[in-house]
Amino acid sequence: MFRISTLRHLRRHYSLGQCYSLQYQSPSLTWSSSACKDVGSIAPHLRALRLGSLLSSQCRTLSVSLTLQHPDCTASRNSRSRSAQSPLDAKSNEEREQDNQGLEDFGTHAKSYSSRKVFRKTSPELQSLQFRDPEDAEEEPEVKPRAVQKNTAYWYFLQCKKLIKGDKLAEALDMFQSQMLKVERLQPEEFNYTVLIGGCGRVGYIKKAFKLYNNMKKRGLVPTDATYTALFNACAECPWKDSGLEHALRLQQELKAKNIQLNLITYHALLKTHALCSDLRACFHVLKEMVEKGHVITQETFNFLLIGCIKDKEHGFRFALQIWRQMLKLGREPDAHSYNLLLRAARDCGIGDSSLASRLLLQSEEEVTPKVTRAGQKLRGRKERTSERTINVEALEQQIFVDAPAGPGVTELKKETLGKTLKSMTLNRKAEKNLKEQEVSSALVPVSHIVPVESGSNLVAGVGVKPPNLLDLHINNPHVVSLGTVVTPSDRLGLMGNMDGFLAKMQESGVAPDIKTLTLLAEVVEPKSQSESSLLSVLEEHKIKPDISFFNTLVRKRSKLGDLEGAKALLPILVDRGLAPNLPTFCNLAIACRRKKDGLQLLSDMKMSGVTPNAHVYSALINSAMKRLDYVYLTEILRDMQSCQVPPNEVIIRQLEFAAQYPAKFDRYKSKNTYLEKIDGFRGYYHSWLNSMAAEESPHPWDKYRIPLKPEEEEDGEEESTASKGTR
């Protein structure tokens with residue numbers, strides 16, 4: 001192309017009558033020709049130049065200079081052009097200058113195009129641009145370039161994990177759905193879905209968790225054990241326990257149909273789901289399956305069983321003590337969480353039938369404990385495994401639910417275990433009868449009730465012996481025959497050695513109490529006792545820093561007794577330790593404000609301290625006024641509530657509706673009731689107040705985790721809200 005172009009230019013300028021001298025320079029040779037007017041004399045030199053063996057790098061240095069030789073040539077050219085009257089006379093001076101400039105740049109573009117071998121063809125769309133109307137070009141939308149992929153799926157996994165740890169689940173879900181899938185169009189991996197399902201599981205967002213799980217399966221990704229653990233955890237933390245249990249059972253059936261084996265952590269998540277959403281019997285079914293699969297029963301397994309015991313408010317404390325002894329029998333050491341669960345059982349649950357609890361908790365361990373086997377026994381054709389103690393789940397289940405009627409499908413093992421338990425009860429009753437008949441001395445009289453022992457005393461009053469601690473594995477105390485009436489949480493704490501015996505048991509196990517342990521102890525110790533007054537010294541002894549929840553518990557306990565001054569006396573102690581009262585503190589103080597003067601003074605003090613009363617504070621005051629049938633007090637509370645523009649919630653509306661009703665057997669014409677004289681005035685003010693106040697709408701538990709919808713997605717959002725109501 002270079003040689004043909006050179007020859008073409010020479011012919012062109014030769015037609016104009018120009019004379020040139022041709023020079024060629026390269027690293028290998030230097031050649032020049034004399035001035036000539038005939039292009040034919042130059043062409044042989046160009047042919048010789050084409051035949052030369054030159055490298056590509058040498059060809060790039062080729063330069064041809066064309067210079068004007070003689071002024072006569074210019075004059076002859078001008079005369080020749082005038083005589084010929086060529087059409088080139090119409091050219092302007094500017095075009096001639098451009099030609100001269102092109103001669104100077106002759107051959108310089110070869111450096112850019114000489115090495116190019118592939119030429120891209122234009123598309124039909126680009127070719128049609130020249131035929132497009134200007135008006136259509138303005139209306140055509142601008143084409144946005146596709147975003148360049150900068151991040152990977154693992155990078156998004158780390159970012160979502162960081163956001164979830166910072167309690168920003170909604171942002172993590174938005175980043176995954178909008179940025180990763182729609183903008184960058186990345187193919188998600190299994191861990192991207194698992195980390196989001198785990199975040200949804202911690203807050204009980206069960207609907208989103210299973211939606212991600214279904215999308216994960218649609219993409220062909222294989223869920224792992226961590227995925228199933230997160231799903232079961234979402235079922236356990238669901239605000240609606242019936243819905244959570246339904247999803248858990250459905251997932252469990254799906255895994256069984258696919259023959260997927262679960263690991264120990266996933267079984268613990270399933271056990272937690274049944275403990276929170278079902279009952280203790282369902283927990284034993286999961287425990288039986290764990291033992292059949294060969295999993296080792298750990299201390300964490302017993303913690304979930306203790307959670308299942310707390311679900312039974314009538315017999316939960318007895319169940320917890322039996323599970324506790326079985327844990328010690330199996331050789332599993334309890335931790336701080338185990339002791340905290342025992343205190344929760346003592347606070348929230350009863351012991352059931354006292355006579356049955358006495359036979360089960362006070363008899364010897366050999367008679368009541370199910371037989372413990374070892375998993376290392378030799379089987380046919382199998383080697384002996386490591387000796388791990390296993391539990392007879394069916395025997396333990398029959399021992400715990402001994403008072404329940406047996407179903408028609410009771411196995412022989414269950415009948416045998418039940419017979420042994422009843423036999424041991426009969427022997428215990430005979431021993432009790434013999435002990436009563438003997439009466440060896442007045443000091444050995446059978447005690448029908450275990451008196452809670454204070455921290456400064458180690459003996460039962462009138463007997464001179466130390467009462468047993470039901471947390472011990474072996475109880476050998478012939479002086480204690482049965483348990484008496486165990487009603488209050490302090491009575492149940494006395495069965496565990498009271499506060500000193502409980503802390504000594506923790507120290508014996510090598511477990512240090514935490515602030516949660518002492519907060520629970522503050523709830524279950526006897527009010528106005530020495531144990532309650534020594535809680536602060538126990539804090540200093542174990543070097544535990546108290547928090548505001550600990551003091552709120554003490555304030556609430558004194559307020560329930562009506563001791564407003566004693567509750568207020570804790571506020572200076574709270575401030576001295578660097579803490580400040582919060583809304584729950586004032587809410588607990590409101591429980592003790594049974595008079596109108598105290599309640600209005602509390603509201604005034606809150607406003608002076610810069611704290612706005614909320615619906616919980618007003619609800620506590622309304623409850624105190626309702627119990628005393630003080631309708632003037634109720635009217636003042638509603639008036640202050642209206643001035644502060646605090647919207648009533650569902651609980652307050654229910655309380656006020658009950659207060660505005662006449663008693664069932666009230667007859668104003670038959671007798672005079674000084675307490676109900678002003679109920680009519682309160683009823684009139686309440687109805688007018690109700691019309692002027694806007695009720696507080698209860699927020700949905702999942703609203704703060706949902707991604708805000710765009711305008712075009714509003715219709716889909718309405719469908720989702722309808723579906724969530726159906727799930728609820």
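How many helices and strands make up the secondary structure of the protein? The predicted model contains 38 helices and four strands, where helices (H or I, at least four residues) and strands (E, at least two) are DSSP runs numbered from the N terminus. Residues are numbered from 1 along each chain as its sequence is written, and side-chain values use heavy atoms, with hydrogens and water left out. Because the model is predicted, local features need pLDDT of at least 70 and side-chain atom pairs count only at pLDDT 80 or more, whereas totals for chains, interfaces and linings use all residues.

The average pLDDT (the predictor's confidence in each residue, from 0 to 100) is 76 for the protein, and 63% of the residues score at least 70. Residues 1–31 have a pLDDT below 50, and this stretch has 78 contacts in the model beyond near neighbours in sequence; a contact means heavy atoms within 4.5 Å. Residues 452–457 likewise stay under 50, with 17 contacts beyond four places in sequence. Of the 728 residues, 39% count as buried, the classes being buried (under 20% relative accessible area), exposed (over 50%) and partly exposed in between, with a 1.4 Å probe and protein chains only. Among contacts between residues at least 6 apart in sequence, 71% join residues at least 24 apart.

Helix α10 covers residues 169–183. Residues with positive phi are found on either side of α10: Asp167 lies in the loop between α9 and α10, and Arg185 follows the helix. The phi of Asp167 is about 60° although the residue is not a glycine, and that of Arg185 is near 55°. Asp167 is exposed, with a relative accessible area of 58%.

Helix α13 (residues 225–236) has twelve residues and reaches 17 Å from its first C-alpha to its last, close to the expected 16 Å. Ten of the twelve residues are buried, so α13 is largely enclosed by the rest of the structure. The buried set runs through Thr227, Tyr228, Thr229, Ala230, Leu231, Phe232, Asn233, Ala234, Cys235 and Ala236. Packing partners of the buried residues are α11 (190–203), α12 (206–218), α14 (241–257) and α15 (264–277). In the loop between α14 and α15 lies Asn259, which has a positive phi of about 60° although it is not a glycine. Asn259 counts as exposed at 57% relative accessibility.

The structure holds 18 aromatic pairs. Rings of Phe, Tyr and Trp (its six-membered ring) pair if their centres lie within 6.5 Å; planes under 30 degrees apart count as stacked, over 60 as edge-to-face and the rest as tilted. One of the pairs is formed by Tyr213 and Tyr228, edge-to-face at 6.4 Å centre to centre and with 70° between the planes. Tyr213 lies in α12 and Tyr228 in α13, so the pair ties together parts that are 15 residues apart in sequence.

Phe284 and Phe401 form another edge-to-face pair, at 6.1 Å centre to centre and 80° between the planes. Phe284 is in helix α16 (residues 280–292) and Phe401 in the loop between α22 (393–400) and α23 (412–438), so this pair links distant parts of the chain, 117 residues apart. Phe284 is buried at 0% relative accessibility, and Phe401 is buried with a relative accessible area of 11%. Arg281 lies over the face of Phe401, at 4.1 Å from the ring centre. A charge sits over a ring if NZ of Lys or CZ of Arg is within 6 Å of the ring centre and within 35 degrees of the ring normal. The charged end of Arg639 is placed over the ring of Tyr685, 5.1 Å from its centre. Elsewhere, Tyr205, Trp240, Trp702 and Tyr705 are linked by ring pairs into a cluster.

Key
The expected span of a helix is 1.5 Å times one less than its number of residues.
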